[in-house]
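Hello,

Here is the structure I said I would pass on. My notes on it follow below.

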Amino acid sequence: MAEGSIARTLRVLEAVCAKGPQSLKALGDQLDLAPPTLLRILRLMAEEGYVTQLPDRTWRGTMLVWSLGCAVNASVGVSALAREHTDILTTELDETSVYAVHEQGTITYAAHSEPTKPVRAHVRLGRRYGLLSTVTGHAVLAWLNDEQVDKALAEQRASGELSEAGDVAAQLVSIRAHGYASGTGMQWRDLWAAAAPVFDASGQVVGALGVSVPAGRSEALQDRAVEAVVREADAMTRRLGGTRTRSAALEA
């Protein structure tokens, strides 16, 4: 019973923080929890300072949750390193660049750099996405094992965002062959993106560096963006003690 209560509480906290202020009914429908149970959990978390109820009776996370996330991010230590590479990409390409961390079958945007131009891609730090939803996710998924790929496909089917499995498999083969992913992801249809994987010293893919460009001006930039993203992903991999193995197709 205690483990079940803890699991429910964590699910509620995640739901409250993921999508902004939400009503009790919206949260209950999303989590399949009865209103009395959900309200009890929310009030307990509010007493501890993790959530708050707004005047319109919706619930949201507090800055305490944000501070914990920042502490975790700082303890990992990768975001500051990644920011150096996103800064290089944005300075060179004058477009938004990102670093997405891979963990537990999702990616989370942990670092980004944005140009000063008014029309640009904007990425919300700390937001999680499925591996099939974004180009950075594809760049990670291509280097995971079959079980992890199958799990991502199953989750995509459950969400209703299903591509044919054969098409996805072919895309992942192409990404591995070329060393990068590019195109338009499901999450942002009006953006073209390129992303390349980052590996740690054990050879595991830990994330991806990418650049996002409004589709209307992407054509002239695509070759430069791919070259720059692969170069910086390789550089970040080397700094993490990994091995540069993915640029051969570009150099051939």
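Arg231 and Glu232 form a salt bridge, with their closest N and O atoms 2.9 Å apart; a salt bridge here is a side-chain nitrogen of Lys or Arg within 4 Å of a carboxyl oxygen of Asp or Glu. Please note that this is a predicted model, in which local features need pLDDT of at least 70 and side-chain atom pairs count only at pLDDT 80 or more, while totals for chains, interfaces and linings use all residues. Residues are numbered from 1 along each chain as its sequence is written, and side-chain values use heavy atoms, with hydrogens and water left out.

Arg231 also forms a salt bridge with Glu92, the closest N and O atoms being 2.6 Å apart. Glu92 lies in helix H5 and Arg231 in helix H9, so this pair ties together parts that are 139 residues apart in sequence. Helices (H or I, at least four residues) and strands (E, at least two) are DSSP runs, numbered from the N terminus. Glu232 counts as buried at 6% relative accessibility, whereas Arg231 is partly exposed at 35% and Glu92 is partly exposed at 34%. Buried means under 20% relative accessible area, exposed over 50%, and partly exposed in between (1.4 Å probe, protein chains only).

The structure holds six salt bridges. Another of them joins the side chains of Arg83 and Asp87 (2.8 Å, N to O). These two residues are four apart in helix H5, so about one helical turn separates them.

Helix H9 covers residues 222-239, and its 18 residues should span 26 Å at 1.5 Å a residue; the end C-alpha atoms are 26 Å apart, which agrees. The expected span is 1.5 Å times one less than the number of residues. Among the buried residues of H9 are Ala225, Val229 and Met236. Just after H9, Gly241 takes a positive phi of about 90°.

Arg57 has a positive phi of about 75° and is found in the loop between E1 and E2; Arg57 is exposed, at 59%. Asp94 has a positive phi near 60° and sits in the loop between helix H5 (78-93) and strand E3 (96-103).

Thr58 is in the loop between strand E1 (51-53) and strand E2 (59-61) and is buried, at 12%. The side chain of Thr58 makes a polar contact with that of Asp56 (2.6 Å); a polar contact is a pair of N or O atoms within 3.5 Å, where, within protein, one must be able to donate a hydrogen and the other to accept it, and residues adjacent in sequence count only if both atoms are side-chain atoms.

Regards
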